[in-house]
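I am new to it.

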Amino acid sequence: PKMMFINPVDRLSSGAIIDKVSTKDIPVVFFNRQPLDQDMIRGRKNNNKIFYVGTDPNFEGKAQAKMVENLFGTSSSLNPLYDKNGDGIIQTVLIKGEIGHQDSEKRSKAAMEALKNDGYQIETLYSTYCNWSRSLAKDNSKEIMKKYGKDIELILCNNDDMALGVIDYLLSNENAFEWEGESLPFPIFGVDGTTVGLEYVRKGLLSGTVKNESHRQAVACVRIVEEIQKYGKITESFPYHMANEYTIYVEGSAITKENLL
């Protein structure tokens, strides 16, 4: 082949793939699931045309945090509409994606760290994995709401589908715990900016999301190959953020009802 684009099923198994492609003098671009740095570094010793393209999970987590801050107000004076118990602490549930996927951990960690660094007190009531699945998040919400429903003040989800699963459960189980049912009892945030996710933002059901620029990521994959084939390297004019010599992150943008066109 003249080039290879690889979305590994398991990022932890990427090392074996890298060992094989490192013997080929062709551009190889991993996407979606990020290989371990030590595997990339080892492979690039023989083939320095191996790259990874994906979202920037740290940016996405920080963008979620900023939207949360805009809702809750200053860390020293939380909006009582959202700080329901008035204790100055944001009681939070984390709905993570796929176990072992780099974006699952980094998005959640970046959001929580950004809030804490900005002076907010956060209490994690519960954290679970729902494998990016809307139906699984809906199913898991029954137990979450049973145990923590009255205490939850914020839910941060690693993607829109899982956020929509939580919303599905709430809308179909208004008596799951004591709340009016006219609007959601707490803010819920996602990531991706899917078509249905944006529709829920527009309706005011999803508090916000962070656009996953999948098209721009695809273009970045192609641009890498074009640069390598034409110049033999990534040039200074390459229009995407290089986190290091082999990692390209394509940032998205925070989307709320107020800025949704």
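Q: In which strand is Ile155 found?
A: This is a predicted model, where local features need pLDDT of at least 70, side-chain atom pairs count only at pLDDT 80 or more, and totals for chains, interfaces and linings use all residues. Residues are numbered from 1 along each chain as its sequence is written, and side-chain values use heavy atoms, with hydrogens and water left out. Helices (H or I, at least four residues) and strands (E, at least two) are DSSP runs, numbered from the N terminus. Ile155 is found in strand 6.

Q: Is Ile155 buried or exposed?
A: Buried means under 20% relative accessible area, exposed over 50%, partly exposed in between (1.4 Å probe, protein chains only). Ile155 has 1% relative accessibility, so Ile155 counts as buried.

Q: Which residues are in contact with Ile155, leaving aside its neighbours within four places in sequence?
A: Contact means heavy atoms within 4.5 Å. With those neighbours within four places left out, the partners of Ile155 are Val93, Ile95, Met145, Val166, Phe186, Pro187, Ile188 and Phe189.

Q: What distance separates the C-alpha atoms of Ile155 and Thr92?
A: Along the chain, Ile155 and Thr92 are 63 residues apart.

Q: How many residues of helix 6 are buried?
A: Helix 6 covers residues 160-172, which is 13 residues. The helix is largely enclosed by the rest of the structure, because its buried residues number 10 of the 13. Among them are Met162, Leu164 and Val166.

Q: Which elements are included in what covers the buried residues of helix 6?
A: The cover includes helices and strands. The helices named are helix 5 (134-148) and helix 7 (195-203). The strands named are strand 4 (89-96), strand 6 (154-157), strand 7 (188-189) and strand 8 (209-210).

Q: What is the relative accessible area of Thr128?
A: Thr128 lies in strand 5 (residues 121-129). Not counting residues up to four places away in sequence, Thr128 touches Leu94, Ile95, Lys96, Asn140 and Ile144. Thr128 is buried, and its relative accessible area is 11%.

Q: Which residues is Glu69 in contact with, leaving aside its neighbours within four places in sequence?
A: Glu69 sits in helix 3 (residues 57-72). Glu69 is buried, at a relative accessible area of 9%. Beyond its neighbours within four places in sequence, Glu69 is in contact with Ala114, Leu115, Asp118 and Tyr120.

Q: How far apart in space are Tyr249 and Ile41, C-alpha to C-alpha?
A: Tyr249 belongs to strand 10 (residues 247-250) and is buried, with a relative accessible area of 10%. In sequence, Tyr249 and Ile41 are 208 residues apart. C-alpha to C-alpha, the distance is 17 Å.

Q: What is the radius of gyration of the protein?
A: The protein has eight helices and 11 strands. The radius of gyration is taken over C-alpha atoms, and the globule rule is 2.2 Å times the number of residues to the power 0.38. That rule gives 18 Å for 261 residues, and the protein's value is close to it, so the protein is as compact as a globular protein of that length. The value is 20 Å.

Q: What percentage of the 261 residues in the protein is buried?
A: Along its principal axes, the C-alpha trace spans about 60 × 35 × 30 Å. Of the contacts with a separation of 6 or more, 68% join residues 24 or more positions apart. The buried share of the 261 residues is 50%.

Technical notes. Expected span 1.5 Å × (residues − 1).
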